Amino acid sequence: MTDIRRATPDDIDSLVALETAAFPMPWSRGQIAACFEARYDYWLLVDGQVLLAALLMQCVCDEAEILSLGVCPTHQRRGYGKQLLRHGIDEALSRECEKVFLEVQENNFAAVQLYLQAGFEGIGRRLEYYETPDGDKEDALVLVKNLAQKALPS
């Protein structure tokens, strides 16, 4: 049975493990800890004590930004990313945000598809935004979801 809960600093070890497993250039322990100090919203999708996915976002005035959405590689393609994304959008709506922004690595086709299916639209590109493990740079797509649109499909 999965559950969504707010992360606490006690979850940092699990978040570091998820970052390391899910991303080629993971956030450091210090970066993750700084998110708690900055009071960002960190949401976890868990099954008992097992961390399946994590969503990091911030809401400022009437806009939200998804800073990270990661699913443990052994649990991908089961709808967990979509479930957590829906939760983040619902949180943004509850705080009266009008838009949700994010950047996604251009060649992360599964993530791009998830966001497009959720109603996000491309509004720009950040050239050479992501660094790859081999030192190359890759572009980021900048996406936005207008929350005045219909809800995320089930």
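**Aromatic pairs, cavity and pocket**

The structure holds three aromatic pairs, where rings of Phe, Tyr and Trp (its six-membered ring) pair if their centres lie within 6.5 Å. The model is predicted, with local features needing pLDDT of at least 70 and side-chain atom pairs counting only at pLDDT 80 or more, while totals for chains, interfaces and linings use all residues. Residues are numbered from 1 along each chain as its sequence is written, and side-chain values use heavy atoms, with hydrogens and water left out.

A pair of aromatic rings is described by the distance of the centres and the angle of the planes. Planes under 30 degrees apart count as stacked, over 60 as edge-to-face and the rest as tilted. One of the pairs joins F36 and Y42, which are stacked at 5.5 Å centre to centre with 25° between the planes. F36 counts as buried because its relative accessibility is 17%, where buried means under 20% relative accessible area, exposed over 50% and partly exposed in between (1.4 Å probe, protein chains only). Y42 also counts as buried, at 3% relative accessibility. For Y115 and F120, the ring centres are 5.7 Å apart and the planes stand at 65°, so this pair is edge-to-face. Both Y115 and F120 are buried.

On a 1 Å grid over the protein atoms alone, a cavity is a set of points where a 1.4 Å probe fits but cannot get out; lining residues have an atom within 4 Å of a point. Grid points are joined across faces, edges and corners, and a volume is the space filled by probe spheres set on the points. The largest cavity has a volume of about 40 Å³, and its lining consists of L15, L18, E19, Y42, A54, S68 and G70. Two or more of these residues come from each of α1 (12–22) and β4 (63–71), with α1 giving the largest share, three residues. Helices (H or I, at least four residues) and strands (E, at least two) are DSSP runs, numbered from the N terminus.

The largest pocket has a volume of about 1200 Å³, a pocket being an open set with protein on both sides within 12 Å along at least five of seven lines. Of its 40 lining residues, F23, L69, N108, A111 and Y115 are the closest to the centre. At least two lining residues come from each of α1, β4, α3 (80–94), β5 (99–105), α4 (109–117) and β6 (121–131). The largest share of this lining, seven residues, belongs to β4.
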